[in-house]
Amino acid sequence: MTAALRLAQAAAEAGEAPIGALVVDPATDRIIAQAHNRPIAGHDPTAHAEILALRDAALLLGNYRLTGLELYVTLEPCAMCAGAISHARIGRLVFGASDPKGGAVVSGPRFFEQPTCHWRPEVVSGILAEDGATLLKDFFRARRKAKPAEAGDGA
């Protein structure tokens, strides 16, 4: 999770929401793929850290099914990412901070508990959660300070 936090910091430095993700082979502890959020830079609303890491791992391994691998991410995945995790057949999802507003694993729709979910990974949450949450809070606090209130925006 420490490596995922470093990726999240790199995302923040690039002006992206600070979220990092890693796909790891637990048999070897080898990092297969890693990414941070890039929807702004990539002009791609799907360029979440989880999606990018899953794509890279699948390409590297030559298989869209990543059964037995683990995904580490600094923030609870959204519904889109939870769907991708299920389709990829990730064996274990480890995430840091929960996301009551946008999360879909232990918050919101609880994607993996839905009867339409075909694959459910083992889920571990709260790993270095405070570090990930602080990084996010500091990032968005700085953005709010940097953006002056515009006329008519209700601020």
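**View 1. Leu-128, a partly exposed residue in a loop.** With a relative accessibility of 35%, Leu-128 counts as partly exposed (20% to 50% relative accessible area; under 20% is buried and over 50% exposed, with a 1.4 Å probe and protein chains only). The loop it sits in runs between strand 5 (122-125) and helix 5 (129-146). Helices (H or I, at least four residues) and strands (E, at least two) are DSSP runs, numbered from the N terminus. A word on the model: it's predicted, so local features need pLDDT of at least 70 and side-chain atom pairs count only at pLDDT 80 or more, while totals for chains, interfaces and linings use all residues. Residues are numbered from 1 along each chain as its sequence is written, and side-chain values use heavy atoms, with hydrogens and water left out.

**View 2. Asp-29, in the loop between strand 1 and strand 2.** Here's another positive phi in a residue other than glycine: for Asp-29 the angle is near 60°. Is Asp-29 buried or exposed? Its relative accessibility is 64%, so Asp-29 counts as exposed.

**View 3. Helix 3 (residues 49-61) and its neighbours.** The helix has 13 residues, which at 1.5 Å a residue should span 18 Å; the end C-alpha atoms are 18 Å apart, so the two agree (the expected span is 1.5 Å times one less than the number of residues). Buried residues in helix 3 include Ala-49, Ile-51, Leu-52, Leu-54 and Ala-58, and Glu-50 is buried too. What do the buried residues of helix 3 pack against? Their partners are strand 1 (20-25), strand 2 (30-36), strand 3 (70-75) and helix 4 (79-88), with contact meaning heavy atoms within 4.5 Å. Just past the end of the helix, Gly-62 has a positive phi of about 70°.

**View 4. The whole chain, for context.** Follow the sequence and you get α-β-β-α-α-β-α-β-β-α, that is, 5 helices and 5 strands. The radius of gyration is 16 Å, close to the 15 Å from the globule rule for 155 residues, so the protein is as compact as a globular protein of that length (taken over C-alpha atoms; the rule is 2.2 Å times the number of residues to the power 0.38). Along its principal axes, the C-alpha trace spans about 50 × 30 × 30 Å. Of the 155 residues, 43% count as buried. Among contacts between residues at least 6 apart in sequence, 55% join residues at least 24 apart.
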